[in-house]
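Subject: Structure handover

Dear colleague,

Please find the structure below, followed by notes on what was found in it.

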Amino acid sequence: MKIAAIAGSLTPLSKTLLTVKEAVGHIRRHHDHVEVNLINLKEYQLDFCDGRDPSEYEGDSKKIIKEIVEADALIVGTPIYRGSIPGALKNVFDLIPNTALKGKVLAFIATGGSYHHFLAIEHQLKPLAGYFKAYTLPGNVYAHNDHFQNKQLTDEGIKQRLHELSDSVVTLSKSLDSKVIGAEQPVIPRQSLAQT
Ligand SMILES: Cc1cc2nc3c(=O)[nH]c(=O)nc-3n(C[C@H](O)[C@H](O)[C@H](O)COP(=O)(O)O)c2cc1C
């Protein structure tokens, strides 16, 4: 099984990256048979999605599309920006093919400056998963500033929950048949006027 773990912040010393690394480390220590690929968005020079077919991108855009398409399950970590996700991470969801996440398990981790924005996972990220016909873990992890000290994730409760989330991604993904999604999604054309 392959898991792609996306840390969706462009910030140096990212808190989101620390949380995603905690989840990745746990999977590497406890699930030998799982290959987990950490995708730190800050290390990718991505094109903005311009409507072309996903197969036409080159460079890092092509690379990230391939890594996501080839994953069986995903962990998506995001900082909360304006009560939602940063544009840089939304762009990743715009770049990938419509079928890239179909029937796959997605687990969400968010970090915010405030105590208040944990529900952004429910109303910003889960609808995206719904669009892609992906399964989502019912339980997410939201970490805020008090959970970090000296540039480290220090809160043991959050670490424990990240471990539970990681185990659950593996367990749920193993037990699901990714072809069983209910109804197929309608084909959504990307065609622009330039292509007509
Ligand atoms: C442009 C911008 C918008 C933000 N908006 C929110 C917000 O709406 N709610 C919140 O709780 N924190 C907000 N924050 C704080 C970040 O979510 C928080 O510091 C987060 O942990 C940053 O993650 P990172 O270190 O991985 O970049 C915002 C930060 C920035 C830079």
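Which strands and helices do the buried residues of H3 pack against? They pack against strand S1 (2–7), helix H2 (59–70), strand S3 (73–79) and helix H4 (120–131), where contact means heavy atoms within 4.5 Å.

Before the rest, the conventions. This is a predicted model, in which local features need pLDDT of at least 70 and side-chain atom pairs count only at pLDDT 80 or more, while totals for chains, interfaces and linings use all residues. Residues are numbered from 1 along each chain as its sequence is written, and side-chain values use heavy atoms, with hydrogens and water left out.

Helix H3 covers residues 87–95, and its buried residues are Leu89, Asn91, Val92, Phe93 and Leu95. Buried means under 20% relative accessible area, exposed over 50%, and partly exposed in between (1.4 Å probe, protein chains only).

Overall fold. The chain has five helices and eight strands; these are DSSP runs numbered from the N terminus, with helices (H or I) of at least four residues and strands (E) of at least two. Along the sequence the pattern reads β-α-β-α-β-α-β-α-β-β-β-β-α. The radius of gyration is 16 Å, close to the 16 Å from the globule rule for 196 residues, so the chain is as compact as a globular protein of that length. That radius is taken over C-alpha atoms, and the rule is 2.2 Å times the number of residues to the power 0.38. Of the 196 residues, 47% count as buried. Among contacts between residues at least 6 apart in sequence, 77% join residues at least 24 apart.

Charges. There are 22 positive and 22 negative side chains, and the centres of the two sets lie 2 Å apart. Lys and Arg count as positive, Asp and Glu as negative, and His and the chain ends are not counted; the charge is placed at NZ of Lys, CZ of Arg, CG of Asp or CD of Glu.

Two residues. His31 lies in the loop between helix H1 (15–30) and strand S2 (35–40) and is buried, with a relative accessible area of 12%. Its side chain makes a polar contact with the side chain of Asp167 (2.8 Å); such a contact is a pair of N or O atoms within 3.5 Å, and within protein one must be able to donate a hydrogen and the other to accept it, with residues adjacent in sequence counting only if both atoms are side-chain atoms. Leaving out residues up to four places away in sequence, His31 touches Asp167 and Val170.

Asn40 lies in strand S2. Asn40 counts as buried because its relative accessibility is 11%. With residues up to four places away in sequence again left out, Asn40 touches Ala7, Ser9 and Leu17.

Regards
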